[in-house]
Amino acid sequence: MTDSSSPLRILLTNDDGIDAPGIAAMREELTAVGDVTVVAPAENQSGVGRARNEHAVRRDHPWGYALEGTPADCVAYGLRGLDADFDIVVSGINDGPNAGNYVVGRSGTVGAGVEAAFLGTPAIAVSSYHARDFFCHPPEEYDFSRPARVARALTERVFGTDVFDEVDLLNVNAPADVPSPRMRVTRPFADYDQQVDHHADAGALPDGDREGGLDDDEVYVRLQDVSWPDAVGFENPFPLGDEHRDRYPVGSDRRAMVDGEVSVSPLAVHHGHATDPRLASVVESLSEQVE
C-alpha cells in the first residue's frame, strides 16, 4: 500500500472494450489522483462474468495494453504479468447498470473486480445507468463524466480508510443524468427469473446461427434472463418508478437506482459456506453405508 503522499497505482479495465467511451471517461478522472495503467479487452466482453482463458493475445495501446480476452483475463495479466505493483483495480465505466445479485454475478465488469480480490488487490466496479433511459446505449450518445467523477472521489477517499480490510470489492452504480446524486451503501437485491421459449420453426433462429435450419428431432430453445421481473419494457422499470419504488426496500441497490442515487454495494468474494447440522448428519450416515 502506498502512503498518503504517493499517487495511487491504479489498474484500469472494463468489459465493454478498450475503445468504449466509459473507460475513457474513467481514465481521464483517475489520472488526476493516480498513475493509471490500462489493460482492457480488445473487444466487448459484456456478460462473461469471471470467465477465464488460458491463452490470450496482447497488443500495445496508448494507455497500456489491449488483451484479446475477458475482463478477468485482463486483471490476471495486469496483476501478475506486468513488472508493476498496483494498489487498486478499477473496472468500468460500464454502459448500463449492474444491480441485483444475479446480474452482479454474471457481470464482466464485476467479474474483473472479483478476479482482483482473489489475487489480493482491492477493487471497485463502476457501472452507469440513466434515470430515464436505463441503459446508456448506444454509449456514444451519453456523457459518462458524472459517474466518472463519483468513482474518482470514491476511489480516492475509500483507499485511505480500513474499508478493504473487510470488504473485497465495491460495486457501484451511478446515474449519468442526475446532478449531485445522493450516495447510499446498499446490498444487491435478489430478483430474477428465466423465460424459456421453444421454436420448431427454423425462422426463429438468429440469422446465420445455423445453416440449413433445424432437423426433425431438434427444437430451438431461447433462454432469456428476466432480471427485473414484472417490469414493463426491456428490463426497464424507470418509467414506472413510482410503482416499483415500494417493491425494492431502502438499502437495496435497485431501490437506490429507482431513486436516482449512487448505489455502493460492499461485497465479499470468498464464497463463504453455511453450516447445517442436518447436512452433517446426512453425510455421516452415508459415509457409514457407502463402500
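Analyst: The account below begins with the sheet and then turns to the helices and the cores. The model is a predicted one. The UniProt record, an unreviewed entry, places the feature "domain: Survival protein SurE-like phosphatase/nucleotidase" at residues 10-187. Over that stretch the chain is 31% helix and 25% strand, with its end C-alpha atoms 25 Å apart.

The sheet is open and has 9 strands, in the order 3-4-2-1-5-6-7-11-8, and its pairing is mixed. Strand 3 (58-61) and strand 8 (183-185) are at the edges; each has a single partner strand, so one side of each is left without a neighbour in the sheet. From one strand to the next, the twist averages 25 degrees. Arg58, for instance, has Leu67 of strand 4 as its bridge partner.

Helix 1 (residues 21-30) touches strand 1 (8-13), strand 2 (34-41) and strand 5 (88-95), and its direction makes about 140 degrees with that of strand 5. Helix 5 (residues 145-158) lies across several strands, among them strand 6 (123-129), strand 7 (169-175) and strand 11 (262-267), and runs at about 150 degrees to strand 7.

In general, nonpolar side chains of soluble globular proteins tend to be buried together. Here the largest nonpolar core has 36 residues, and those with the most contacts inside it are Ile10, Leu12, Met26, Leu30, Ile124 and Leu170. Among the elements that give two or more residues to this core are strand 1, helix 1, strand 6 and strand 7. Helix 5 supplies the largest share, 5 residues. Leaving aside residues up to four places away in sequence, Met26 touches Leu12, Val90, Gly92, Ile93, Ala148, Ala151 and Arg152. A second, separate core of 20 residues includes Val89, Val110, Ala116 and Leu169.

Helix 4 (residues 108-118) is mostly covered, with 10 of its 11 residues buried. The buried residues include Val110, Glu115 and Ala116. Their cover includes strand 1, strand 5, strand 6 and strand 7, together with helix 2 (71-81) and helix 3 (101-106). At the N-terminal end, Ser107 caps helix 4, with a side-chain oxygen 3.1 Å from the backbone nitrogen of Thr109. After helix 4 comes Gly120, whose phi is positive, near 85 degrees.

Note on methods
Residues are numbered from 1 along each chain as its sequence is written. This is a predicted model: local features need pLDDT of at least 70, side-chain atom pairs count only at pLDDT 80 or more; totals for chains, interfaces and linings use all residues. Side-chain values use heavy atoms; hydrogens and water are left out. UniProt positions are given in the numbering used here, feature names are shortened, and annotations may be inferred rather than shown by experiment. Helices (H or I, at least four residues) and strands (E, at least two) are DSSP runs, numbered from the N terminus. Two strands pair if DSSP finds at least two bridges between them. Axes are lines fitted to C-alpha atoms, for helices over the stretch in contact, and angles run from 0 to 180 degrees between N-to-C directions. Contact means heavy atoms within 4.5 Å. A nonpolar core is a set of buried Ala, Val, Leu, Ile, Met, Phe, Trp, Tyr and Cys residues joined through side-chain atoms within 4.5 Å. Buried means under 20% relative accessible area, exposed over 50%, partly exposed in between (1.4 Å probe, protein chains only). A polar contact is a pair of N or O atoms within 3.5 Å; within protein, one must be able to donate a hydrogen and the other to accept it, and residues adjacent in sequence count only if both atoms are side-chain atoms.
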